[in-house]
Amino acid sequence: MNRRNFLRNTGFVAAGSLFVPAFMKPLEAMALDELSLYKNLVVVQLSGGNDGLNTVVPFGNDIYYQKRKNIAIKPEEVIKLNDMQSLNPNMQALQEIYDQGWMTIINDVGYPNPDRSHFRSMDIWQTGSDSNQFLSTGWIGRYLDSNCQTCKFPYTAIEVDDSLSLAMKGQTKKGIALKDPAALFRNTNDPFFKSMLQNDKEHLDEDNLGYLYKTMIETQSSASYIQNTSKIYKSQAVYPQSGFSNQLKTVSKFISSGLKTRVYYVSLSGFDTHVNQLNQQGNLLKQYSEGMSAFLKDLKSNNKLDDTLVVTFSEFGRRVEQNASNGTDHGTANNMFVFGGRLKKQGIFNAAPNLSDLDTGDLKYQLDFRQVYGTILDKWLDVNNADILNKKFNTLDFI
Amino acid sequence: MSAKDNFSKVKHLYNRAGFGISYPELNKLSKKNISKVVDGLLEEPKKDYAITLVNDTESRRQMLVQSGLYAKKDLTDDEKKMRREIVQMQNKVSRDLNIAWVSKMINTESPLREKMTLFWHGHFACRNNNPMYAQQLNNIQRQHGLGSFRTLLVEVSKSPAMLQYLNNQQNKKGKPNENFARELMELFTLGRGNYTENDIKESARSFTGWSYDKDGAFIFRKTQHDDGTKTFFGKIGNFEGENIIDIILEKPETATFISKKVYKFFVNDNPNDAHIKELADHFYNSKYNISELMRKLFTSEWFYNPENVGTKIKSPAEFLIGLSREFFVTYNKPQVLIQLQSSLGQYLFNPPNVAGWPGGQNWIDSSSLMLRMRIPSLVLNDGEIDFSGKADPEDEAVIALSRIATTNANSNNKPKSYVNAQADWPKFLDTLPKGLSPLALTEFLLQPKLNDKITKMVSDNKGLRSTAVEITSMPEYQLC
């Protein structure tokens with residue numbers, strides 16, 4: 001079977017002109033040169049609940065070694081950042097990035113009444129809700145809804161994946177998910193797909209059918225725009241071989257070719273390390289760090305690092321004390337990383353976790369994750385964070 | 001009324017109350033009065049209809065071993081292995097349970113009962129890693145799904161799945177956990193704005209002691225129950241859980257809240273207040289008899305109004321089950337059904353949160369629509385998927401483990417997955433009347449009214465089979 005075709009034995013030929021009513025005008029027809037300075041946000045999700053204490057290791061604190069007899073990272077192995085905190089040795093690739101001043105570590109980020117379910121806590125992080133509130137839209141989705149300057153384009157937010165995360169879904173606007181721009185371009189240029197969009201004017205008054213057609217037209221326009229803009233770009237950079245690095249390579253290609261996208265979303269999963277944590281997490285942190293390092297250097301060499309902000313989060317951290325299986329169980333507050341060429345506060349942003357003041361064995365959060373979102377929304381995406389987060393959050397000074 | 005009108009009405013009814021209808025059945029039922037057809041849908045099936053995939057005895061044995069292992073401090077390697085294996089087994093049985101229900105919906109002779117189960121599955125949304133509890137809750141929703149709403153509500157509230165999911169096990173005298181009480185009112189009965197924070201506090205006290213034992217049976221733990229006086233909606237008494245439920249049901253707001261949700265699921269995403277009031281009054285006066293509510297809905301003239309026909313976006317479950325049912329699809333590797341559900345955003349037994357799936361246009365984004373439009377050719381023509389989807393967060397631990405095994409495996413080299421399904425074309429074609437034209441088949445398969453474009457597209461078609469694949473790949477097929 002020829003996968004390019006939606007249908008086998010399709011008998012349709014694309015012919016005739018494309019009739020579309022004004023409200024569904026193809027995006028190509030819109031002016032695209034309205035923006036001069038372009039700032040990108042890249043969100044990196046670590047799924048499964050990354051153990052923050054073995055990522056940014058508090059080697060200067062004895063309590064850490066008491067609570068983690070079998071899985072603590074030894075002081076002689078860590079990459080020291082100051083007298084208290086250090087990076088996991090598998091994050092060697094990020095040392096250079098850190099030293100360049102392209103990285104900020106925000107300690108103890110969380111929210112009140114934390115939830116330990118992966119699903120629920122991810123839901124909270126992606127929607128930006130309170131822990132007893134259920135939202136059906138994501139924080140980036142609501143940014144798209146907010147009618148920002150560029151938000152009229154569906155490719156304003158791209159997730160490099162097969163399916164779209166809740167974070168990227170708004171009430172009226174949604175981001176677009178794609179792993180391979182060429183494949184999406186082929187699919188939307190399939191003769192059958194195109195024939196569906198021809199002479200299409202009769203049922204557009206009907207809400208839901210109109211919405212389906214609008215989504216198809218936007219997908220087709222976006223796919224053409226993304227493919228045609230990015231195909232000319234050839235990356236010189238070398239990335240490690242991993243699925244995660246491939247995602248970042250795609251993002252870099254999009255950013256460097258000048259795609260007018262503001263938000264990119266990628267994820268790396270497997271962090272739920274209840275059992276034999278050291279090797280598992282080590283491998284993942286290595287993949288993460290080497291991918292990020294290649295990505296940031298690639299952006300730098302294309303003069304895009306100053307216009308890019310990368311933020312990494314996980315749905316929760318893990319308990320301070322290890323469990324009986326040389327792993328860690330679901331916890332609460334966790335660190336976040338911010339990367340970019342124009343960070344205001346580089347290095348470690350706030351005090352290291354206080355391991356002697358715990359909430360029944362869990363870290364207490366110092367900063368609400370929505371303060372981090374709020375800062376990004378206000379200072380990087382140029383919207384009022386209260387419009388997106390439903391209440392105003394104080395901003396931080398990392399950018 | 002013309003025969004053609006009735007044909008369309010029955011077709012609409014079965015699209016909403018079930019998962020579509022075969023041509024011969026439609027033909028047969030079209031000769032009947034609509035109210036008789038509705039009666040037929042509401043009739044109890046004679047057979048036992050519970051899902052019995054999960055073996056309770058075996059599950060209880062595993063749970064016992066499991067709780068023993070969790071209580072122990074230092075585990076031997078063998079014990080650790082055993083604990084891991086139990087979790088893996090439970091995950092596997094959970095997936096099998098999902099497939100068992102999907103198969104049941106595809107093959108059922110009681111489509112309304114399964115559709116109601118699907119409705120309550122989203123209304124009383126719950127996740128539970130223990131497949132025995134998940135099956136139990138699903139069977140409660142099926143058994144009482146067309147009966148008394150009070151019985152359904154009480155049974156759901158007493159099920160281990162829900163008690164655990166909403167932390168009522170931790171709701172104890174002096175240390176109340178309000179999670180269940182809050183969701184009971186916010187999401188299950190009254191809706192936001194119809195209660196106060198104090199009502200939540202007081203009702204949480206009333207549910208203290210509602211728990212389940214090691215065999216998964218409901219148990220009222222007297223010693224954990226707060227038997228002091230509570231004030232709930234202005235009433236004062238030494239209330240226990242069921243008293244709270246009765247007081248909630250006395251409030252007509254509950255009938256309105258449920259009727260509105262039913263309306264949005266079965267009729268239209270955009271609520272019509274007058275129609276909802278008709279339903280709510282009827283529901284309340286029938287003492288919360290769900291069958292009466294559904295009879296009223298399906299026999300209302302407005303249910304068959306053009307704005308309510310062919311205008312709803314199918315949920316992923318409705319889409320997959322309807323397609324499989326229509327074309328008698330066999331899935332040789334039923335696991336693919338889970339992959340498809342997950343990629344389309346409705347992995348049954350795994351709702352996003354206690355509020356359930358938001359539904360409507362939320363189902364559709366560019367990637368989910370593209371996939372929906374490709375699935376018919378994949379399933380009906382046994383195509384290939386180049387789509388791996390995202391991991392469910394609850395599967396992260398499994399991924400973390402399997403990563404070790406495949407650290408060096410290159411993710412680009414993984415084989416393409418095939419849907420590996422077969423439609424029974426001879427059987428399907430056999431259901432159609434002799435000499436049915438491609439255009440008439442199109443009219444049968446699609447719920448939205450045909451427009452010139454589609455009419456033109458299929459008018460030159462020769463075969464019914466290729467027409468069917470084309471039609472089901474159209475955006476119009478996403479509506480019911």
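## Basis of the description

Axes are lines fitted to C-alpha atoms, for helices over the stretch in contact, and angles run from 0 to 180 degrees between N-to-C directions. The model is predicted: local features need pLDDT of at least 70, side-chain atom pairs count only at pLDDT 80 or more, and totals for chains, interfaces and linings use all residues. Residues are numbered from 1 along each chain as its sequence is written, while chains are lettered from A and ligands numbered from 1 in the order in which they are written.

## Chain A and its helix pair

Chain A contains 11 helices and 12 strands (DSSP runs numbered from the N terminus, H or I of at least four residues for helices and E of at least two for strands). Of its 399 residues, 54% are buried (20 or more other C-beta atoms within 10 Å of the residue's own; exposed means 12 or fewer, partly exposed in between, with C-beta atoms placed from the backbone). Among contacts in chain A with a separation of 6 or more, 72% involve residues 24 or more positions apart (a contact requires C-beta atoms, placed from the backbone, within 7 Å).

The axes of α5(A), residues 181-188, and α7(A), residues 207-230, come within 9 Å and cross at roughly 135°. The two helices are therefore oblique to each other (angles under 35 degrees count as roughly parallel, over 145 as roughly antiparallel, 65 to 115 as roughly perpendicular and the rest as oblique). From α5(A), the contact is made by P181(A), A182(A), L184(A), F185(A) and T188(A); residues of α7(A) in it include T219(A), A223(A) and I226(A).

## Chain B as a whole

Chain B has 23 helices and eight strands. Its radius of gyration is 24 Å, close to the 23 Å that the globule rule gives for 480 residues, so chain B is as compact as a globular protein of that length (the radius is taken over C-alpha atoms, and the rule is 2.2 Å times the number of residues to the power 0.38). The C-alpha trace spans about 75 × 65 × 40 Å along its principal axes. Buried residues account for 47% of chain B.

## An enclosed helix and an exposed loop residue

Helix α11(B), residues 197-206, is largely enclosed by the rest of the structure, because seven of its 10 residues are buried. Among them are D199(B), E202(B) and R205(B). The buried residues of this helix pack against α10 (179-189), β3 (230-232) and α12 (241-250) of chain B.

D424(B) lies in the loop between β8 (421-422) and α20 (425-431) of chain B. This residue counts as exposed because D424(B) has 12 C-beta neighbours inside 10 Å.

Definitions and conventions:
Two residues are in contact if their C-beta atoms, placed from the backbone, lie within 7 Å.
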